[in-house]
Amino acid sequence: YLSIMLNTFSNRKEYVLPMPDAEVYYFPNFLEEKTADKLFEQLLHSLAWQQDKITVFGKAHNQPRLTALYAENKKPYSYSSLIMHPQEFTDELSWIKSKITQKTKLKFSSCLANLYRNGNDSNGWHADNEKELGKNPVIASVSLGAVRNFKFRHNTKKLKHNLFLAHGSLLLMMGTTQHYWKHELPKTKKIIGPRINLTYRTIY
């Protein structure tokens, strides 16, 4: 079990996670702190946050977080029997997307935003492997706000990784990651403020 603490990256611009069957990169200082602070406040109050119901084992439940979908086009995104229809990119989301492209040379068409209001909000074990994301989905995840624990688990359940995602950081999941690994953002009993997670992807 590998636990990667936040201070491991304090003086590094990029880190490649040692995960077999995966390509995962972490950029702890992707955004400057003042820029990240400003974006967090803007997005917290300007995005069209909503709480949808998802179906788990035949039962409908409120998602334990708020979400919003934005895109360059009108292509919907579906998961857990939920179909989301996007709104047009805001200026802030477009700016962040361009920064990701500058850093990674990768382009994205959509952004699924998540708002974790406090430690009770979470996202259970899953892989971003929906058909509309393509054969080897590429997910670029920007974190703003409270630092939260992000967990990886190999499908064999023998390998696990633990990563604390910093305010203003970028996590990039590529290659066969979604085929062999699941990830989650668990609840925490700590008193903690809100976190915004912007997951850029391309929907085909």
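A residue is called buried when its relative accessible area is under 20%, exposed when that area is over 50%, and partly exposed in between, with a 1.4 Å probe and protein chains only. The structure is a predicted model, in which local features need pLDDT of at least 70 and side-chain atom pairs count only at pLDDT 80 or more, while totals for chains, interfaces and linings use all residues. Residues are numbered from 1 along each chain as its sequence is written, and side-chain values use heavy atoms, hydrogens and water being left out.

His183 belongs to strand β16 (residues 181-185), strands being DSSP runs of E of at least two residues and helices runs of H or I of at least four, numbered from the N terminus. With a relative accessible area of 4%, His183 is buried. Its side chain is joined to that of Asp128 by a polar contact of 3.2 Å, that is, a pair of N or O atoms within 3.5 Å, of which, within protein, one must be able to donate a hydrogen and the other to accept it, residues adjacent in sequence counting only if both atoms are side-chain atoms. Beyond its neighbours within four places in sequence, His183 is in contact (heavy atoms within 4.5 Å) with residues including Trp125, Phe150 and Met173.

Eight strands form an open sheet of mixed pairing in the order β2-β3-β15-β12-β17-β10-β6-β9, where two strands pair if DSSP finds at least two bridges between them. The edge strands, each pairing on one side only, are β2 (15-16) and β9 (87-88). Strand β6 (residues 66-71) pairs with β9 in the parallel sense over two bridges, and Tyr70 stands opposite Gln87 in β9.
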